[in-house]
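Subject: Structure handover

Hello,

I am passing on the structure we spoke about. Please look through it first; my notes follow below.

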Amino acid sequence: MEKQNSAAILLLKQATTLNIHTGNLVNWSRLKKKCPSSTSEELQGCIRETLSEWCTKIAPTLEKEAPSTLECTLTQATEAITPEEREELKVSVKLFLSGSDPTSIRMAVDLACSTLGVSQLDSVMIAPPPLPEGVSLTLEHLQPYWEELENLLQSHKIAAIGTSDLDKPLLEQLYTWAQVKPSSNQVNLASCCVMPPDLTAFAKEYDIQLLTHNDTKELITETSFQESVSEGVKDAVVADWSLEWVLRYSIIVKSRGIIKSKGYLVQAKRIRS
């Protein structure tokens with residue numbers, strides 16, 4: 001085990017991109033033993049447990065050429081969708097961005113499609129990167145990310161696109177400006193116990209579905225991410241790893257309304273000094 005952990009540390013040290021896939025959380029017996037108090041706690045636990053188990057699968061002897069992109073995946077927990085069952089399933093995604101590069105959206109969508117074995121995601125909802133304290137989200141902040149989503153929709157990688165936590169004025173601005181209109185908008189009921197009437201009226205008029213969520217404002221901080229990695233790979237140097245995005249997916253059986261599979265994909269990049 002010690003040799004395997006040393007091998008994991010070396011792989012992390014030589015990589016420039018880190019991809020983590022939790023596999024299907026529906027089958028995670030360890031999560032059922034202790035129910036996480038929040039989505040943030042769930043994600044931190046998933047990163048820690050995935051990396052910890054990944055370490056045990058590494059061969060202690062490594063090739064000289066270590067991969068620049070490290071794929072930390074629990075292959076036995078991953079369930080790709082077969083072509084025969086695709087029509088019966090709805091694949092929904094919420095993408096939490098940490099970095100400011102809009103092209104990371106395409107990278108996240110491509111990785112989700114290849115991981116889940118599909119050519120198109122049924123819906124993608126975006127949560128823009130957190131802004132500095134005191135700075136409010138504006139249309140200008142949203143535009144580059146929305147344009148990237150529109151491109152993905154037009155190239156048939158996504159069937160529908162949505163937003164998260166937009167109030168009525170900002171949702172109206174986005175709707176007026178966008179070529180492809182938002183099909184949905186998530187509202188955090190922790191910040192408002194009932195849907196704002198002006199938002200409800202606007203969504204109804206323009207056929208925008210209003211959904212609820214209980215995600216924290218920032219799903220996971222850089223510090224929490226680094227702590228989770230260091231707990232998963234003991235003694236690893238993590239200070240130079242920067243979180244790019246977190247993608248949460250759910251696969252629902254349309255006819256029965258049950259969740260067949262759900263999980264997280266996470267990408268981080270090494271910051272070169």
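**What was found**

Leu-10 is found in helix H1, which covers residues 2–14. Please keep in mind that the model is predicted. Leu-10 has a relative accessibility of 36%, so it counts as partly exposed. Between Leu-10 and Pro-182 there are 44 Å, C-alpha to C-alpha, and the two are 172 residues apart in sequence.

Ser-38 sits in the loop between helix H2 (29–33) and helix H3 (39–57). Its relative accessibility is 27%, so Ser-38 also counts as partly exposed. Ser-38 and Leu-219 are 181 residues apart in sequence, and their C-alpha atoms are 9.5 Å apart in space.

**The sheet**

The model has an open sheet of 9 strands with mixed pairing, in the order S2-S1-S9-S8-S3-S4-S5-S6-S7. At its edges stand strand S2 (69–73) and strand S7 (209–213). Each of these two has a single partner strand, so one side of each is left without a neighbour in the sheet. On average, neighbouring strands of this sheet are turned by 20 degrees against each other, direction ignored.

Strands of a sheet pair through backbone hydrogen bonds, either parallel or antiparallel. Both senses occur here. S1 and S2 are parallel and share 5 bridges; in this pair, His-21 has Thr-73 in S2 as its bridge partner. Strand S8 (residues 241–253) and strand S9 (residues 258–270) run antiparallel and are joined by 12 bridges. There, Ser-250 stands opposite Lys-262 in S9.

In a regular strand the side chains alternate between the two faces of the sheet.

Helix H4 (residues 104–116) lies across strand S1 (17–21), strand S3 (89–97), strand S4 (123–127), S8 and S9. H4 runs at about 45 degrees to S8. Helix H8 (residues 222–232) also packs on the sheet, where it touches S1, S8 and S9. The direction of H8 makes about 80 degrees with that of S8.

**Helix against helix**

H4 also meets helix H5 (residues 139–154): their axes come within 9 Å and cross at roughly 40 degrees. H4 and H5 are therefore oblique to each other, and their crossing is right-handed. On the H4 side the contact consists of Ile-105, Arg-106 and Val-109. These meet Tyr-145, Glu-148, Leu-149, Asn-151 and Leu-152 in H5. By class, the residues of this contact are 5 nonpolar, 1 polar and 2 charged.

The axes of H3 and H8 come within 7 Å and cross at roughly 30 degrees. That angle makes H3 roughly parallel to H8. H3 passes H8 in a right-handed crossing. From H3, the contact takes in Gln-44, Ile-47, Arg-48, Leu-51, Ser-52 and Cys-55. From H8, it takes in Ser-224, Phe-225, Ser-228, Val-229, Glu-231 and Gly-232. The contact of H3 with H8 has 5 nonpolar, 5 polar and 2 charged residues.

Regards

How values were computed: Residues numbered from 1 in each chain as written. Predicted model: local features only at pLDDT ≥ 70, side-chain atom pairs only at ≥ 80, totals over all residues. Heavy atoms only, no water. Pairing = 2+ DSSP bridges. Helix = DSSP H or I, 4+ residues; strand = E, 2+ residues; numbered from the N terminus. Axes fitted to C-alpha atoms, helices over the stretch in contact; angles between N-to-C directions. Contact = heavy atoms within 4.5 Å. Parallel < 35°, antiparallel > 145°, perpendicular 65-115°, else oblique. Left-handed = near helix turned anticlockwise from the far one by under 90°. Nonpolar A, V, L, I, M, F, W, Y, C, P; charged D, E, K, R; others polar. Buried < 20%, exposed > 50% of the residue type's maximum accessible area, 1.4 Å probe, protein only.
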